[in-house]
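I opened my notebook to go through one structure, feature by feature. Below is what I looked up and what I found.

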Amino acid sequence: MDIYQVAIRPLVFNLAKTDPEWLHQQTIRSLSWLSQTGDRPPASWVNRRLQQSFCLHDQRLEQNLFGLNFPNPVGLAAGFDKDGVAANIWSSLGFGFAELGTVTFHAQPGNPSPRLFRLPLDKAALNRMGFNNRGAAAMAAYLTREKQKLTQSIPIGINLGKSKVTPLEAAAEDYLHSFRLLKELGDYFVVNVSSPNTPGLRSLQDASMLSAILDLLQQENHSQKPIFVKIAPDLAWEAITDIISLAKTYQLAGIIATNTTISRERLKTQVIDQTGKSPQEEAGGISGEPLRDRSTEVIRFIWQQTQGKIPIIGVGGIFSSEDAWEKIIAGASLIQVYTGWIYEGPLMVRRILTGLLSKLEQNGLTTISEAIGLQTKVQN
């Protein structure tokens with residue numbers, strides 16, 4: 001029995017009507033304590049219990065990609081651990097990798113509250129957080145301090161965003177300043193130009209603007225850290241083609257597809273309880289189930305356009321092993337979860353991994369790598 005789904009989620013979602021952001025803050029606070037004190041009692045005992053409950057190790061799920069070893073393909077998406085304060089605990093919750101951030105060069109409070117809303121009828125969330133974080137210098141100081149304690153056996157990525165106070169024409173330098181502070185502390189880096197919650201940010205997906213950012217970062221990237229770009233699901237195919245071209249030009253490690261959507265199509269939710277307004281009237285990006293099919297379409301398009309030569313991290317609407325499998329056979333080498341994890345609970349990662357192993361057996365495959373882009377290969 002999954003106690004989270006049976007007891008905890010109904011209490012938190014329905015009876016308690018808890019503010020989602022407050023609940024998130026409390027969760028991060030607890031995970032941060034475990035992350036910082038996990039090498040000594042009582043946290044070390046809790047850590048061991050978490051590993052027993054949530055981790056599943058199987059060689060068939062392992063991959064080596066862009067020079068990093070991934071024990072399994074399921075990662076935590078950016079947005080959950082914005083300041084990296086729980087960096088050391090994600091491996092104990094079963095994840096094969098975790099992405100910290102989004103972090104900006106300047107510390108910023110983000111948008112006014114309320115700014116995070118659950119849409120349970122749609123198995124979705126609407127957020128307009130606005131990159132609230134303590135800034136790149138604070139994250140660098142924290143990760144440096146914690147580095148000797150870090151025992152995680154999983155790759156840790158860092159997602160970089162533009163500071164709200166920085167004008168668009170100075171965006172490239174803003175990303176560069178953050179990268180300089182953090183470049184030795186992350187295993188890979190993500191250029192986030194696709195959040196809908198920072199004014200003008202999505203315009204940085206335009207080829208000329210994005211080119212300037214990638215050019216500066218790769219000039220600074222002496223250690224040759226893998227760099228990704230994270231794109232919006234709302235881009236036209238031509239714009240995605242331009243980004244694929246830039247990924248090749250600047251030798252990016254890959255593309256993350258996709259961020260949240262500004263589309264409100266086919267939502268069942270009529271009114272958001274906290275505001276009394278419809279989702280159509282509220283600003284922000286939608287994550288969760290409504291994003292699933294579109295993000296898979298984008299993954300499939302990128303895979304087809306590149307003949308599978310550019311690694312893709314697939315994210316958007318993953319709740320089950322079936323959802324994960326769809327993304328992988330469409331072309332995703334790795335996948336990330338966030339909203340699904342909130343709805344399904346911490347056992348979700350293990351359930352997905354168990355399901356993926358079953359899928360491999362059903363399809364006569366010996367490793368998860370063999371499944372990447374399988375759908376497209378079969379169609380061809």
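Predicted model: local features only at pLDDT ≥ 70, side-chain atom pairs only at ≥ 80, totals over all residues.

**Entry 1**

I began with the second largest pocket, and its volume is about 410 Å³. The pocket is lined by 17 residues. Closest to its centre are Glu265, Arg266, Glu289, Pro290 and Leu291.

Which helix gives the most to this lining? I found helix 8, residues 292–306, with three residues. Then I sorted the lining by class. I got 10 charged, five nonpolar and two polar residues.

Next I looked up an open sheet of three strands, in the order 5-6-11. Its pairing is antiparallel. Strand 5 (116–119) and strand 11 (285–288) are the edge strands, so to speak the ends of the order, and each pairs on one side only. From one strand to the next, the twist averages 25°.

I then followed strand 5 to strand 6, residues 124–127. Four bridges join the two. Leu119 has Ala124 of strand 6 as its bridge partner.

**Entry 1: the covered strand**

Is strand 7 mostly covered or mostly open? I checked residues 156–160, and five of the five are buried. I looked at each face in turn. Ile156, Ile158 and Leu160 are buried on one side. Gly157 and Asn159 are buried on the other.

Strand 7 also has partners. Strand 4, residues 97–103, pairs with strand 7 in the parallel sense over five bridges. There, Gly101 stands opposite Asn159. Strand 8, residues 188–192, runs parallel to strand 7 and is joined to it by four bridges. Here Leu160 has Val191 as its bridge partner.

**Entry 2: aromatic rings**

I looked up the aromatic pairs, and the structure holds 14. I picked one, Phe66 with Phe70. Their centres are 5.6 Å apart and their planes are at 75°. The pair counts as edge-to-face because the angle is over 60 degrees.

Phe70 has 1%, so it counts as buried; the cut-off for buried is under 20%. Both residues belong to one aromatic cluster, together with Phe97, Tyr188 and Phe228.

I kept a rule in mind: most residues other than glycine have a negative phi, and most peptide bonds are trans. So I searched for exceptions to that rule.

Where did I find cis peptide bonds? One runs from Gly101 to Thr102, with omega near 10°. Thr102 lies in strand 4. Another joins Ala257 and Thr258, with omega about 10°. Thr258 sits in the loop between strand 10 (254–257) and strand 11.

Then I turned to positive phi values. Lys123 has a phi near 50° and is not a glycine. I located Lys123 in the loop between strand 5 and strand 6. Lys123 is partly exposed, because its relative accessibility is 27%.

Phe131 also has a positive phi, about 55°. Phe131 lies in the loop between strand 6 and helix 4 (136–146). With a relative accessible area of 6%, Phe131 is buried.

Definitions and conventions
Residues numbered from 1 in each chain as written. Heavy atoms only, no water. 1 Å grid on protein atoms, 1.4 Å probe; cavity = no way out; pocket = protein on both sides within 12 Å on 5 of 7 lines; lining within 4 Å. Points joined across faces, edges and corners; volume = space filled by probe spheres on them. Nonpolar A, V, L, I, M, F, W, Y, C, P; charged D, E, K, R; others polar. Pairing = 2+ DSSP bridges. Axes fitted to C-alpha atoms, helices over the stretch in contact; angles between N-to-C directions. Phe/Tyr/Trp six-rings, centres within 6.5 Å; stacked < 30°, edge-to-face > 60°. Buried < 20%, exposed > 50% of the residue type's maximum accessible area, 1.4 Å probe, protein only.
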